[in-house]
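Subject: Structure handover

Hello,

Here is the structure I promised to pass on. Please open it next to this email and follow along.

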Amino acid sequence: MSRVMVVSIGPGNIDYINQKAKERLEQSDFVLGSRRQIEDVKRICSPTTEFYVYKKITEIKEVVEKEQEKKISILVSGDSGYYSLVPYLKKVLREEFDIIPGLSSFQYLFSKIGENWQDFFIGSVHGRKLDYIQKFREENRGLVLLTDEENNPKQIAKNLWEAGFRKVDIIVGENLSYQEENISYYKIEDWEIMPERFEMNVCIYRKGEENAYL
């Protein structure tokens, strides 16, 4: 097992962290992550584990190179293969690292609504650009998107409506797996009554059986 490990911690609640990840965290000398991530996993870690809350991802490289004698775990939310730090770390870290996968937020949300996700486009507009209108035209069932304050569920719904899409169901999962979890359901024609702001979320835009495009 590598000295440096990327550990996926699932959607948030430690009940959804897999056994392999828990074992690694128990054995770690040093754990790096965001404030929320570290608060989530502290109960799993050893009393002697040191924690580092980074504000910029460039700090990760500095810590890994400084703490040469320590077994380090770098936390990523959800699954390591879904818009995580892994591509960045592969570019900047000099030593190889292993990865423990996890449960992504969108997988969790689909399990809660009792549906499969293989026919949806899985993407993100969280701090990045994406032509989701074109993707919505192309995909069989619809879109799954990580959103942010600017590209929020309401704004995306508005843009899809103005692009001519009708008979679309919208499902917004906020604070998934936490005690304050909330899953909301809307129709695209109701986009105007959707809240302006949502908590940390993943959003599904699902085409109806008789989806119409004007």
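Which residues of helix α3 are buried? The model is predicted, so please read everything below as computed from that prediction.

**Helix α3**

Helix α3 spans residues 58-66, and its buried residues are E59, I60, V63 and V64. Viewed down the axis of α3, these buried residues fall within an arc of 135°, so they line one face of the helix. An α-helix has 3.6 residues a turn, so residues three or four places apart point the same way.

What do the buried residues of α3 pack against? They meet four strands: β1 (4-8), β2 (30-33), β3 (50-53) and β4 (72-76). They also pack against helix α4 (86-92). The face turned away from the buried side carries E62 and K66, which are exposed.

**Aromatic pairs**

How many aromatic pairs does the structure hold? There are 7. One of them joins Y16 and Y108: the ring centres are 5.2 Å apart and the planes stand at 90°, so this pair is edge-to-face. Y16 sits in the loop between β1 and α1 (19-27), while Y108 belongs to helix α5 (residues 105-113). Buried or exposed? Y108 is buried, at a relative accessible area of 4%. Y16 is partly exposed, at 38%.

Helix α5 also supplies F110, which pairs with F120 in strand β6 (residues 120-124). F110 and F120 are 10 residues apart in sequence, so their pair ties together helix α5 and strand β6. F110 counts as buried, at 1% relative accessibility. F120 is buried as well, at 6%.

Which residues form one aromatic cluster? Look for Y82, Y83, F106 and W117.

**Charges over rings**

Two more spots deserve a look. K42 lies over the face of F51, 5.6 Å from the ring centre. At W161, the charged end of R166 sits over the ring, 3.4 Å from its centre.

Best wishes

How values were computed: Residues are numbered from 1 along each chain as its sequence is written. This is a predicted model: local features need pLDDT of at least 70, side-chain atom pairs count only at pLDDT 80 or more; totals for chains, interfaces and linings use all residues. Side-chain values use heavy atoms; hydrogens and water are left out. Buried means under 20% relative accessible area, exposed over 50%, partly exposed in between (1.4 Å probe, protein chains only). Helices (H or I, at least four residues) and strands (E, at least two) are DSSP runs, numbered from the N terminus. The arc is that of the directions from the helix axis to the C-beta atoms. Contact means heavy atoms within 4.5 Å. Rings of Phe, Tyr and Trp (its six-membered ring) pair if their centres lie within 6.5 Å; planes under 30 degrees apart count as stacked, over 60 as edge-to-face and the rest as tilted. A charge sits over a ring if NZ of Lys or CZ of Arg is within 6 Å of the ring centre and within 35 degrees of the ring normal.
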